[in-house]
Amino acid sequence: AAVFNEHCAGCHRINGNGGLIGPQLDGIGARGVERLCEDILDPNRNVDSHFFLHLFKLRDGSTLGGFVRGEAGQVLLIADASGQEQRIAKADVVEDNVTAMSLMPPAFAQAIPEQDFYDLLAFLLTSGPAGGKQ
């Protein structure tokens, strides 16, 4: 749980703990160890279309990357790689390039010690079907 809180909870929520930038992970343990390793070690392999990365070019020449969380009238709600929600006016978007990539860092496994990776897997595996005990 400590490894999850340190490295994952900024974007992912499990059992009510964490952020809602990336997918909620309640019940993720039901996927099994092979699929969890795949999702963590190669986050771009199976990206749900709701989490495709958008690269926006804005009217002022700036760029913004993230995924579209929703719309509010003429405003797009974008979640960026730091887990922050940004609001941009649709009228300010000059270009929207969509890629089937995740905001999750592709080198995540190298960012944590090997034992922490194993501890994280053990924690996630204890989250069986939604509502499972930790």
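In which loop is Pro106 found? In this predicted model, Pro106 belongs to the loop that runs between strand 7 (93-99) and helix 3 (108-111). The description below starts with the sheet that contains strand 7 and then returns to this loop.

The sheet is open and has five strands, arranged in the order 6-5-4-3-7 with antiparallel pairing. Strand 6 (85-89) and strand 7 are the edge strands; each has a single partner strand, so one side of each has no neighbour in the sheet. From one strand to the next, the twist averages 45°. Strand 7 pairs with strand 3 (residues 53-58) in the antiparallel sense, and six bridges join the two. Within this pairing, Leu53 has Thr99 of strand 7 as its bridge partner.

Ser102 lies in the loop between strand 7 and helix 3. A polar atom of the Ser102 side chain is 2.9 Å from the backbone nitrogen of Met104. When neighbours within four places in sequence are left aside, Ser102 contacts Pro43, Asn44, Val47 and Phe51.

Pro106, also placed in the loop between strand 7 and helix 3, touches Leu41, Pro43 and Asn44 when residues up to four places away in sequence are not counted. Pro106 counts as exposed because its relative accessibility is 57%, and exposed means over 50%. Between Pro106 and Gly83 the separation is 23 residues in sequence, and the C-alpha to C-alpha distance is 16 Å.

Definitions and conventions: Residues numbered from 1 in each chain as written. Predicted model: local features only at pLDDT ≥ 70, side-chain atom pairs only at ≥ 80, totals over all residues. Heavy atoms only, no water. Helix = DSSP H or I, 4+ residues; strand = E, 2+ residues; numbered from the N terminus. Buried < 20%, exposed > 50% of the residue type's maximum accessible area, 1.4 Å probe, protein only. Contact = heavy atoms within 4.5 Å. Pairing = 2+ DSSP bridges. Axes fitted to C-alpha atoms, helices over the stretch in contact; angles between N-to-C directions. Polar contact = N/O pair within 3.5 Å; in protein donor to acceptor, adjacent residues only side chain to side chain.
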